[in-house]
Amino acid sequence: MNGSALSPSTSRPMTDPFGRTISYLRVSVTDRCDLRCFYCMSEDMTFLPKADLLTLEELDRLCTAFIAKGVRKLRLTGGEPLVRRNVMSLVRSLSRHLKTGALNELTLTTNGSQLARFAGELADCGIRRINVSMDTLDPVKFRAITRWGDLDKVLAGIEAARAAGLAVKINAVALKNLNEDEIPALMEWAHARELALTLIEVMPMGDIGAGRIDQYVPLSLLRARLAQQYTLTDLDDDTGGPARYVRVSETGGKLGFITPMTHNFCESCNRVRITCTGTLHTCLGHEDASDLRKPLRASADDELLSAAIDRAIGLKPKGHDFIIDRRHNRPSVSRHMSVTGG
């Protein structure tokens, strides 16, 4: 995969209409996944035709254009990014920007199912930490949540990642009457292995064929419950994402909270998302969309693409539209999270 390497001096920061510097890009390399978590996808998902997806070379060029505009952190997502054919060629190519210093961090979010296979190669490409989505340590619950997932396979992947020297953060979606009582055990398991844990509120995205309100539990409630059992101390840690962290004195570990519903994080938003079809979303919780595939393919140079990126960043909204709609039980945003990128 070809593409010029950038030096740090090449980068110039992008700023949105509210003065926020955009330095974090999340890129969905595929909408496909080998699991069907019920809060993320419907059981019978209709995936995009493969012809609609950007090629790996196009994804590389698109990411490089954003790095030239000041993006310092790049996260690959999906769907499940590691099910995309030859995805490691993209990871290896993008790692050139780590070597020049143009990019501070290259990372990914995964469900862990393919980690045992790819962990060593990810580390060789300069990836230093990853996020693994895992909502329970109960094999029966895990299969129920993912519809057909194998928890042992994910746990083996996490151990392979640790053995390869990767720092692992566990992401768990808090689900009412399903895993909310298991959070303390999940936290203690993670912290005993020096893994951070971040809890995430259910987000109203996509029609998943289930009552969204039946899944939602506010993290303010879960934090209050944890505070009855553990000593939680707020931290100022900033990993470039939306989580707010506490230190748990009894375990010594870090616990994060991502609370788009009970306390949004829009005032400090520094990120934008690109789908596997080249659509740019400047806000996870808006229906906004800017087509970057057309300018990407219209010219061999990046002049049209660069202008399209600038226009899109200039339209970034101040905050999201997420709301749990108790009256109509419908999603605030129609697209599925698997399409947007986690």
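This is a predicted model: local features need pLDDT of at least 70, side-chain atom pairs count only at pLDDT 80 or more; totals for chains, interfaces and linings use all residues.
**Entry 1**

I found an open sheet of twelve strands, running 9-10-11-8-7-6-5-4-3-12-13-14, and its pairing is mixed. Which strands sit at the edges? I get strand 9 (232–234) and strand 14 (290–291), each of which pairs on one side only.

A reminder to myself before going on: strands of a sheet pair through backbone hydrogen bonds, either parallel or antiparallel.

**Entry 2**

I looked at strand 6 (residues 129–133) and its neighbours. With strand 5 (residues 105–110) I see parallel pairing over two bridges. Thr110 has Val132 as its bridge partner in strand 6.

On to strand 7 (residues 167–173): strand 6 runs parallel to it, and five bridges join the two. I followed Val132 across and landed on Ile170, its bridge partner in strand 7.

**Entry 3**

Strand 9 and strand 10 (residues 244–248) pair antiparallel over three bridges. Asp234 stands opposite Val246 of strand 10.

Strand 10 is also joined to strand 11 (residues 254–258), antiparallel again, by four bridges. Val246 turns up here too, with Leu255 of strand 11 as its bridge partner. How many residues lie between the two strands of this hairpin? I count five, and Gly252 in the turn has a positive phi of about 80°.

**Entry 1: strands 12 and 13**

A quick look at the other end of the order. Strand 12 (residues 271–274) and strand 13 (residues 279–281) pair in the antiparallel sense, with two bridges. The partner I wrote down for Ile274 is Leu280 in strand 13.

**Entry 2: helix 1 against helix 2**

Now the helices. I took helix 1 (residues 56–68) with helix 2 first: their axes are 10 Å apart and the packing angle is about 25°. Angles under 35 degrees count as roughly parallel, and therefore I logged helix 1 and helix 2 as roughly parallel to each other. Their crossing is right-handed.

Who touches whom? From helix 1 I listed Leu56, Leu59, Asp60 and Cys63, and from helix 2 Val87, Ser89, Leu90, Ser93 and Leu94. By class I have six nonpolar, two polar and one charged in this contact.

**Entry 3: helix 2 against helix 4**

The axes of helix 2 and helix 4 come within 10 Å, crossing at roughly 20°. That angle makes helix 2 roughly parallel to helix 4. The hand of the crossing is right-handed.

On the helix 2 side I picked out Met88, Val91 and Arg92, which meet Phe118, Glu121, Leu122 and Asp124 of helix 4.

**Entry 4: helix 4 against helix 6**

I then moved along to helix 6 (residues 151–163). Its axis and that of helix 4 come within 8 Å and cross at roughly 15°, which makes helix 4 roughly parallel to helix 6. This crossing is right-handed.

The residues I noted are Leu115, Ala116 and Ala119 on helix 4, meeting Gly157, Ile158, Ala160 and Ala161 on helix 6. They divide into six nonpolar and one polar, with no charged residue.

Last, two spots in loops. The peptide bond from Gly78 to Gly79 is cis, and I read omega near 15°. Where is Gly79? I placed Gly79 in the loop between strand 4 (73–77) and helix 2.

The other spot is Asn177, where phi is near 60°, a positive value in a residue other than glycine. Asn177 lies in the loop between strand 7 and helix 7 (183–192).

Methods. Residues are numbered from 1 along each chain as its sequence is written. Side-chain values use heavy atoms; hydrogens and water are left out. Two strands pair if DSSP finds at least two bridges between them. Axes are lines fitted to C-alpha atoms, for helices over the stretch in contact, and angles run from 0 to 180 degrees between N-to-C directions. Angles under 35 degrees count as roughly parallel, over 145 as roughly antiparallel, 65 to 115 as roughly perpendicular and the rest as oblique. A crossing is left-handed if the near helix is turned anticlockwise from the far one by less than a right angle, and right-handed if clockwise. Contact means heavy atoms within 4.5 Å. Ala, Val, Leu, Ile, Met, Phe, Trp, Tyr, Cys and Pro count as nonpolar, Asp, Glu, Lys and Arg as charged, and the others, Gly among them, as polar.
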